[in-house]
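Work through the exercises below with the sequence and the 3D view at hand. Try each task before reading its solution.

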Amino acid sequence: MIRTALHYGFLVLGMFFFASTAVAMFRFRHVYDRAHAATKCLTGGSLSILIAFLIPGHSVAVILKVILAAGFLFLTNAVSAHALVRAAYRQGTSVEALEPDELRDEGDDRLRSTPAHPSPDSREHDR
Amino acid sequence: MIIAALVAIIVSAMAVFVRLVLGPSVPDRLMAANTLGVMFFTLIVLLAGVFRTDSFLDVALVYAVLQFADVLIMAKYLNRSGSVVST
């Protein structure tokens, strides 16, 4: 009984997180907002559905595989989103969305090469 | 109930696919592609439960690894300034 309730609860939670990811992909306006949705909501929804998959009881091999996949997803989704956001920032994609631009004064000239002050020798540092 | 979860995942994936088509810049599309990949990964795991085929889990694991490598390679490619990709 409790097991069934937990199964349904985690399934509904995962469906809600996925639906909110889909809504956020539409309603958010910039890449960085979408990255926020694509890491938190997506990882939470996927982990919820994987937990709901594990609850009815399976063999040990299935449980180990699903736990391995869930751990891998939990680690790598944030890493790939971080890499994507960094690439978007360096290309200058909608930088005006970041009102306090905390990466601008970091002394790293390779960040934000295009829009504001294109230094003439920035290209040869990039390789 | 599993079927309802499958339908919810597919509807969300279709909505994200519209963002992948519409996305104004290349990082938008890549973010939508990453989201689609994670959704299909979850779909494959649920299908392993529906069809009672444990080998689908191996498919899902390899799919997750390949998708991670794919997104990292694309981000590395985008990191070069002066690349062919316009924003």
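Of the 127 residues of chain A, 36% count as buried (20 or more other C-beta atoms within 10 Å of a residue's own; exposed means 12 or fewer, partly exposed in between; C-beta atoms are placed from the backbone). This is a predicted model, in which local features need pLDDT of at least 70, side-chain atom pairs count only at pLDDT 80 or more, and totals for chains, interfaces and linings use all residues. Residues are numbered from 1 along each chain as its sequence is written, while chains are lettered from A and ligands numbered from 1 in the order in which they are written.

**Exercise 1. Describe the confidence and the fold of chain A.**

Step 1. Start with pLDDT, the predictor's confidence in each residue, from 0 to 100. Chain A averages 81, and 79% of its residues score at least 70. Over residues 115-127 of chain A the pLDDT is below 50; this stretch has 13 contacts in the model beyond near neighbours in sequence. A contact means that two C-beta atoms, placed from the backbone, lie within 7 Å.

Step 2. Read off the secondary structure. Chain A has three helices and zero strands, in the order α-α-α. Helices (H or I, at least four residues) and strands (E, at least two) are DSSP runs, numbered from the N terminus.

Step 3. Check H2(A). Its 24 residues should span 34 Å at 1.5 Å a residue, and its end C-alpha atoms are 34 Å apart, which agrees. The expected span is 1.5 Å times one less than the number of residues. In H2(A), 17 of the 24 residues are buried, so this helix is largely enclosed by the rest of the structure.

**Exercise 2. Find the buried side of H1(B).**

Step 1. List the buried residues of H1(B): Ala5(B), Ala8(B), Ile9(B), Ser12(B), Ala13(B), Val16(B) and Arg19(B).

Step 2. Look down the axis. These residues cover an arc of only 130°, which puts them on the same side of H1(B). The arc is that of the directions from the helix axis to the C-beta atoms. An α-helix has 3.6 residues a turn, so residues three or four places apart point the same way.

Step 3. Find the partners. The buried residues pack against H1 and H2 of chain A together with H2 of chain B. On the face turned away are exposed residues, including Ile3(B), Val7(B) and Met14(B).

**Exercise 3. Describe where the chains meet.**

Step 1. Count. In chain B, 38 residues are in contact with 42 residues of chain A. The largest share of chain B's side, 14 residues, comes from H2(B).

Step 2. Sort by class. Chain B's side has 24 nonpolar, 10 polar and four charged residues. Ala, Val, Leu, Ile, Met, Phe, Trp, Tyr, Cys and Pro count as nonpolar, Asp, Glu, Lys and Arg as charged, and the others, Gly among them, as polar.

Step 3. Zoom in on Val45(B). Its contacts beyond four places in sequence include Leu50(A), Phe53(A) and Leu57(B).

**Exercise 4. Is Arg52(B) buried or exposed?**

Step 1. Locate Arg52(B): the loop between H2 and H3 of chain B.

Step 2. Count neighbours. Arg52(B) has 7 C-beta neighbours inside 10 Å, so it counts as exposed.

Step 3. Check the backbone. Arg52(B) has a positive phi of about 55° although it is not a glycine. Most residues other than glycine have a negative phi.
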